[in-house]
There are 2 protein chains.
Amino acid sequence: MILTFEQEKRIIQTLLKKLNASGEEAGIVAEVLGEGDLRGFGSHGILRLPYIIRGIKRGTIVPQSKIKIVKETLATALIDGNHGLGHHVAVQAMKLAIEKAKKHGIGAVGVFNSNHFGIAGYYAEMAIKENLIGIVITTTDPLVHPWGGVEPILGTNALAVGIPAEPIPILMDMATSVASRGKILEAMKKGQKIPEGWAIDTEGYPTTDPEKAAKGALSPFGGVKGYALSFILEILAGSLVNAAVGKEVHGTLEPKSFCTKGDFMIALDPQAYTLVEEFKSRVKNFIVELKTSKKAPGFNEILVPGEPEFRTREKRLKEGIPIADEVWNELKQISQELGIDLNYLKDLG
Amino acid sequence: MILTFEQEKRIIQTLLKKLNASGEEAGIVAEVLGEGDLRGFGSHGILRLPYIIRGIKRGTIVPQSKIKIVKETLATALIDGNHGLGHHVAVQAMKLAIEKAKKHGIGAVGVFNSNHFGIAGYYAEMAIKENLIGIVITTTDPLVHPWGGVEPILGTNALAVGIPAEPIPILMDMATSVASRGKILEAMKKGQKIPEGWAIDTEGYPTTDPEKAAKGALSPFGGVKGYALSFILEILAGSLVNAAVGKEVHGTLEPKSFCTKGDFMIALDPQAYTLVEEFKSRVKNFIVELKTSKKAPGFNEILVPGEPEFRTREKRLKEGIPIADEVWNELKQISQELGIDLNYLKDLG
């Protein structure tokens with residue numbers, strides 16, 4: 001099945017509104033999931049909608065709940081997401097960070113009592129659109145082993161940093177595991193082996209067997225340095241912001257009970273340090289320097305963070321977004337239960 | 001040669017004061033270089049003193065110069081280091097960040113026109129001592145190739161994050177290259193091979209020959225993700241703060257002309273989000289969870305970021321700091337030129 005961006009968004013919006021989400025909430029979730037799929041982050045796209053809908057039905061994700069600002073200074077805030085849709089909570093948190101950055105150079109906002117929010121890069125890009133630098137950190141259920149350990153304790157803790165630049169912005173958006181759990185499950189389904197280094201088995205040995213990997217733990221990227229980074233992110237977007245850490249983080253995969261993860265977002269105004277046009281011009285020169293330097297064997301170009309995803313986005317805006325049959329069938333099933341004809345929605349174009 | 005921490009500091013202070021550094025400046029440089037050596041960061045210890053002294057003699061490092069705050073908001077500042085001793089400039093920058101964090105929850109200070117400042121972790125630890133979180137980023141001369149590239153364009157850009165915790169703080173302090181250039185030069189001197197993955201030759205092929213590596217480029221840790229992180233750090237501590245990036249960064253190794261690197265430091269007050277005691281207790285619980293989890297084959301404990309260095313520090317405080325003969329001989333030579341008897345200083349104990 002191929003969906004256009006518009007079709008995907010309409011489907012998400014319609015289903016969520018049927019489940020009591022406001023137009024604004026449904027619009028934001030549709031936008032963020034759609035952007036995830038456009039950019040090739042399939043595990044953070046419409047595939048997530050059934051999880052969200054199950055959460056809403058269980059009452060662990062609560063549409064139309066209002067966020068509360070629990071603590072605030074001129075440059076910081078802590079937000080209680082009140083179990084709202086993670087994407088909607090995150091948009092409000094980044095808006096607040098942006099507002100503070102515009103007034104005081106920097107805004108740093110923590111979030112707890114929220115839910116899985118899709119691609120972290122979406123919120124970093126909100127800052128980019130205001131000519132600000134955006135930094136987004138979020139935690140997940142425990143999936144990654146510590147350095148020297150075997151048990152999954154750390155999340156795949158994502159770090160996104162967006163930097164305004166021409167002609168396209170810089171947008172790093174990465175998990176701190178080598179690979180995602182989704183890729184391991186995909187290999188399992190296809191009967192394929194996984195590359196060594198992605199994961200360990202329950203005894204702590206590296207494995208290429210996706211079944212053993214799924215029972216074991218994902219490995220942090222970059223060895224002990226990646227472990228250290230993931231550890232720090234877990235504290236910043238966990239302990240610091242009133243959210244859980246380690247094995248107490250749950251609800252980012254299947255929201256069976258209230259989700260306990262946290263987020264930490266920073267917006268930073270280049271104008272507090274330099275002129276924004278000068279900043280952008282310096283970044284552009286740096287990109288040119290990198291791109292015109294000698295290529296390594298097997299490479300015909302050097303890419304900057306975010307570039308591969310923006311290319312996939314351009315392509316999918318034209319050619320559409322491939323949706324796996326099982327995801328489509330699951331969406332059909334859910335739609336039926338809600339009295340909605342999915343094919344009718346799709347055929348609206 | 002083995003020096004005590006006190007001996008090392010006295011030597012550094014005496015030599016720098018002879019070269020017109022103020023007592024405060026000399027004391028700070030001695031403290032930071034000494035802490036570098038205590039923690040096992042030999043490349044950032046007293047080994048650096050000859051570089052600093054050559055810079056002072058050339059006039060590219062200027063003792064007793066005053067920093068200027070070029071731009072400032074309640075939560076941010078940009079500092080012109082006026083080519084002062086990097087350690088002294090960095091201490092003032094972090095003090096300003098701390099002051100802002102205590103008032104407004106966060107302080108983010110950029111620095112340009114400064115010099116190599118030793119271990120980044122020292123300044124992150126300044127924040128820890130005030131019960132704040134400290135983040136320190138700094139750039140270096142181009143040594144690291146971009147992903148898909150061959151030329152050294154990126155610095156080994158360091159990222160340090162300090163988090164107040166009991167019984168010892170968390171202190172991540174890492175370069176974004178797999179290994180340091182110092183380790184490659186050491187292997188070259190000893191006639192040893194280097195592990196694959198550390199560096200590439202001038203054609204872009206991974207090499208285990210340190211001579212080829214020294215002519216080629218260091219590799220970023222963690223593949224394309226480490227490249228992305230290093231790229232972002234270069235922009236934050238470079239383009240953003242009025243400093244150079246890429247091949248225009250120079251002076252962090254041998255300060256032949258004014259150093260063009262930059263620094264970016266953040267202090268963040270946990271009290272802006274939660275109670276500091278609650279924060280520390282949550283972090284402690286997380287450490288306990290990690291340390292009591294199952295160990296991987298070949299490991300009998302799980303360490304947190306900073307722990308190996310704090311252990312080396314304890315050991316060296318008792319047993320002294322090993323100083324390589326060639327470093328000692330170079331220091332002797334320099335001391336003689338300044339009319340100082342190095343052995344006399346050492347024998348003061």
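What follows is a friendly dialogue on reading some features of this predicted model.

Biologist: Let us start with helices. What span should helix α1 of chain A have at 1.5 Å a residue?

Modeller: This is a predicted model, and the check is a simple one. Helix α1 of chain A covers residues 5-18, and its 14 residues should span 20 Å; the end C-alpha atoms are 20 Å apart, which agrees. Helix α2 of chain A has 16 residues and reaches 22 Å from its first C-alpha to its last, close to the 22 Å expected.

Biologist: And which residues of α1(A) are buried?

Modeller: The general idea comes from the helix repeat. An α-helix has 3.6 residues a turn, so residues three or four places apart point the same way. In α1(A), the buried residues include A:Phe5, A:Glu8, A:Ile11, A:Ile12, A:Leu15 and A:Leu16.

Biologist: Is α2(A) enclosed or exposed?

Modeller: It is largely enclosed by the rest of the structure, because 12 of the 16 residues of α2(A) are buried. Among them are A:Ile28, A:Val29, A:Val32 and A:Leu33, along with A:Glu35 and A:Asp37. The partners of the buried residues in α2(A) are α1, α3, α4, α5, α10 and β11 of chain A. Just after α2(A) comes A:Gly40, with a positive phi of about 90°.

Biologist: How do I describe the packing of α2(A) against α10(A)?

Modeller: Two packed helices are described by the angle between their axes and the distance between the axes. Here α2(A) and α10(A), the latter being residues 307-319, pack at about 105° with axes 8 Å apart. Angles of 65 to 115 degrees count as roughly perpendicular, and α2(A) and α10(A) are therefore roughly perpendicular to each other. At the contact, A:Glu35, A:Asp37 and A:Leu38 of α2(A) meet A:Thr312, A:Arg313, A:Arg316 and A:Leu317 of α10(A). The residues of this contact divide into two nonpolar, one polar and four charged.

Biologist: Now the core. Which residues have the most contacts inside the largest nonpolar core?

Modeller: In soluble globular proteins, nonpolar side chains tend to be buried together. The largest nonpolar core in this model has 107 residues, and A:Phe264 and B:Phe264 have the most contacts inside it. B:Phe264 touches residues of both chains, including A:Leu268, A:Tyr273, B:Ile135, B:Ile137 and B:Leu240.

Biologist: Where is B:Ile135 placed, and what does it contact?

Modeller: B:Ile135 sits in strand β5 of chain B, residues 133-138. With a relative accessible area of 14%, B:Ile135 is buried. Beyond its sequence neighbours, B:Ile135 is in contact with B:Met94, B:Leu159, B:Ala160, B:Val161, B:Phe264, B:Met265 and B:Ile266. B:Ile135 and B:Leu171 are 36 residues apart in sequence, with C-alpha atoms 9.8 Å apart.

Biologist: What about A:Ile137, is it buried or exposed?

Modeller: A:Ile137 belongs to strand β5 of chain A and counts as buried at 5% relative accessibility. Its contacts include A:Leu159, A:Leu236 and A:Phe264.

Biologist: Last, the backbone. Where is a cis peptide bond found in chain A?

Modeller: Look at omega. A cis peptide bond joins A:Glu166 and A:Pro167, with omega about -5°, and A:Pro167 is in the loop between β6 and β7 of chain A. In chain B, a cis bond joins B:Glu166 and B:Pro167, again with omega about -5°.

Biologist: And what is the phi of B:Asn20?

Modeller: Phi of B:Asn20 is near 80°, a positive value in a residue other than glycine. B:Asn20 lies in the loop between α1 and α2 of chain B and is partly exposed, with a relative accessible area of 47%.

Terms used:
Residues are numbered from 1 along each chain as its sequence is written. Chains are lettered from A and ligands numbered from 1 in the order in which they are written. This is a predicted model: local features need pLDDT of at least 70, side-chain atom pairs count only at pLDDT 80 or more; totals for chains, interfaces and linings use all residues. Side-chain values use heavy atoms; hydrogens and water are left out. Helices (H or I, at least four residues) and strands (E, at least two) are DSSP runs, numbered from the N terminus. The expected span of a helix is 1.5 Å times one less than its number of residues. Buried means under 20% relative accessible area, exposed over 50%, partly exposed in between (1.4 Å probe, protein chains only). Axes are lines fitted to C-alpha atoms, for helices over the stretch in contact, and angles run from 0 to 180 degrees between N-to-C directions. Angles under 35 degrees count as roughly parallel, over 145 as roughly antiparallel, 65 to 115 as roughly perpendicular and the rest as oblique. Contact means heavy atoms within 4.5 Å. Ala, Val, Leu, Ile, Met, Phe, Trp, Tyr, Cys and Pro count as nonpolar, Asp, Glu, Lys and Arg as charged, and the others, Gly among them, as polar. A nonpolar core is a set of buried Ala, Val, Leu, Ile, Met, Phe, Trp, Tyr and Cys residues joined through side-chain atoms within 4.5 Å.
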